[in-house]
Amino acid sequence: MIEVENLTKTYGSYNALKGINFRVEKGEILGFLGPNGAGKTTTMRILTCFFPATSGKATVAGYDVFENSLEVKKRIGYLPENVPLYKDMEITDYLTFVGRIKGVSAKDIKTKVSKVMGDCGITHMAGKLIGELSKGYRQRVGLAQALINDPEVLILDEPTIGLDPKQIIEIRQLIKNLAGRHTVILSTHILPEVSMTCQRVVIINEGRVIAVDTPHNLTNQIQKAARIFFKIEGPAVNVVKELNKVKGVKMIEKKETSNGVTDYIVELEKGNENRKVLPELIIKNGWGLHEMRSVEMSLEDIFIKLVTEEKGVKT
Amino acid sequence: MRNFYLIFKKELKSYFYSPIAYAVMTIFLIITGYFFYNIFATFSTLSFQAQMNPTLAKQYNLLNISESVVRPLFGNVSVIMLLLMPLLTMRLFSEEKRSGTIELLLTYPVRDIEVVLGKFAACLAIFSIMLVFTLLYPFLIKIYGQPELGPIITGYIGLFFMGAAFIAFGIFASTLTENQVVAAVLSFGVLLFFWMAGYSISFVSSSLVSVLSYIALTQHLESFAKGVIDSGDIIYYLNFTMLCIFLSLRALESKKWRG
């Protein structure tokens, strides 16, 4: 559905994209991860024909974004990062305008607008001016305008930023329901969001793709050790000494202490996860076990890992 | 065509969503009304004096209502337009650029030319409404005197073409910057220059005289106000308008190529 080959973009002397390659199949939800300035928004702007790439090729639904931009634009719904909307328009007027301009016929526009407003949960705000809306509602109007003509491809730049937790869950569910019928690219900082909604992830840094895989594989591949968080009441020196004796324990990281209860993070070797032994040992020593849970690697961890690994290869 | 109409309708509405249209129209009508009152009052005072004074009454032009009321009125209206039109056009693209809505607008399946012409037509429609309101003045003149209808009609045609040229340049200025004040100052300054280009005719070499008198905006309105429809004047305003719209399109496109 979407093919990107060797895409580069230069702003003056700054190389924002240094040859990006990826593909998105029809009906797939692709997560686009990366820190600020990695080139996520630039890539999305090229795909939506806002500006052309310096070199390389990108096609959407078989149409070249540069040569056939009008055909591409007809098939795309785009939600830019800061959700720019006409603040002096009413929601219904605005969605009608966008729908008509994106090719919805005058006959269908009313039903389309009310359907998309229902989907995005803004029906009860219908008569309001966009400028009066809170950030969360503005985000939904932005999503509604992207969805209005049922586009084949949706490009969403950080769609859940600025929403409250309940709204985030709703919007994620909405995006998930789009899979199959629509092809979706969404960019985000939040790893759980990716694992919840996306089938595949592209991680991008400094204008290069550094990893493409499913979220599950990515975590497994990078997380070379299991990490477990403990809250233990007892003498810290002894705790560390005893835990270190357990087979498979790679490293113990002591965190803060309050009221005699200390936090630790214990790293276990992969394939040698002797989880059962650890609590037994703690109880046997007469210490209090307040909490034990496994620590997932966050995007930041994975990211830092990937970036440092990449740097390591280079130097 | 449909996209042009949609943009036109949206822009026209947004003039009324915000207080801009109301403010500009009100001020325009107050000032032109004030000018009209003064011109007309002067004329009626002169008429009374002419009744007492036969030598004054012989000065035909002085007591010709078309020459002494209608013509100066068109001149005054055009000066007020010069001051107010940049305020109508300044936000058209600057605002979209500053708030980022241009990013969505240009990723919708519309051509740049449909966007520019839609905005141009909406502004022209607002301007036409303003002109329609001023029809009250010739109507009042008609009640109390016998003005010639010809120069009034051609005068309005002239104002319309001149307004179109002002709007086109204002739009071009607006595509150049995301700051509305800069857009307004730029279009006001350049239009003022075109306005005054005729002033220096007496100081420059003869080869420049014809150029300056041709590019001066005032020279072309004069003949309309006299009741003359000169195709040269219409072509001048149309050229000015089309050049500015062409430049606006290039300015929009240049954003794509600038690194």
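Author: Happy to! In this predicted model, strand β1 (residues 2–11) of chain A is joined to β2(A) by eight bridges, and the two run antiparallel.

Reader: Nice. Which residue of β2(A) does A:Lys9 stand opposite?

Author: A:Lys9 faces A:Leu17 in β2(A). Another such couple is A:Glu3, which stands opposite A:Arg23 in β2(A).

Reader: And how many residues sit between the strands in the hairpin of β1(A) and β2(A)?

Author: There are two residues between the strands, and in this hairpin A:Gly12 takes a positive phi near 60 degrees.

Reader: How does β1(A) pair with β4(A)?

Author: β1(A) and β4(A) are antiparallel, with five bridges between them. Look for A:Thr8, which stands opposite A:Ser55 in β4(A).

Reader: So what order do the strands of that open sheet come in?

Author: The order is β2-β1-β4-β5 in chain A, four strands with antiparallel pairing. β2 (14–24) and β5 (63–64) of chain A each have a single partner strand, so they stand at the edges with one side lacking a neighbour in the sheet.

Reader: Which helix lies across β1, β2 and β4 of chain A?

Author: That is helix α1 (residues 40–47) of chain A, and α1 runs at about 65 degrees to β2(A).

Reader: Okay, new topic. What is the strand order in the open sheet of six strands?

Author: In chain A it goes β6-β7-β8-β3-β9-β10, and the pairing is mixed. The edges are β6 (76–79) and β10 (208–213) of chain A; each has a single partner strand, so one side of each is left without a neighbour in the sheet. On average, neighbouring strands here are turned by 15 degrees against each other, direction ignored.

Reader: Are β6(A) and β7(A) parallel or antiparallel?

Author: β6(A) pairs with strand β7 (residues 153–157) of chain A in the parallel sense, over four bridges. In β7(A), A:Leu156 is the bridge partner of A:Leu79. Helix α5 (residues 135–147) of chain A packs on this sheet, where α5 touches β6 and β7 of chain A. The direction of α5(A) makes about 165 degrees with that of β6(A).

Reader: Let's hop elsewhere. How many cavities of 30 Å³ or more does a search of the whole structure find?

Author: The search finds one. The largest cavity has a volume of about 30 Å³.

Reader: Which residues line the largest cavity?

Author: The lining is made by B:Val70, B:Leu73, B:Phe74, B:Pro138, B:Ile141, B:Ile152 and B:Tyr156. Two or more residues each come from α4 (65–89), α8 (136–144) and α9 (149–176) of chain B. α4(B) gives the most, with three residues.

Reader: Which elements of chain A have the lowest and the highest mean pLDDT?

Author: Helix α11 (residues 299–314) of chain A is the lowest, at 63, while helix α3 (residues 91–101) of chain A is the highest, at 93. Where pLDDT is low, the predicted coordinates should not be read in detail.

Technical notes: Residues are numbered from 1 along each chain as its sequence is written. Chains are lettered from A and ligands numbered from 1 in the order in which they are written. This is a predicted model: local features need pLDDT of at least 70, side-chain atom pairs count only at pLDDT 80 or more; totals for chains, interfaces and linings use all residues. Side-chain values use heavy atoms; hydrogens and water are left out. On a 1 Å grid over the protein atoms alone, a cavity is a set of points where a 1.4 Å probe fits but cannot get out, and a pocket is an open set with protein on both sides within 12 Å along at least five of seven lines; lining residues have an atom within 4 Å of a point. Grid points are joined across faces, edges and corners, and a volume is the space filled by probe spheres set on the points. Two strands pair if DSSP finds at least two bridges between them. Contact means heavy atoms within 4.5 Å. Axes are lines fitted to C-alpha atoms, for helices over the stretch in contact, and angles run from 0 to 180 degrees between N-to-C directions. pLDDT is the predictor's confidence in each residue, from 0 to 100.
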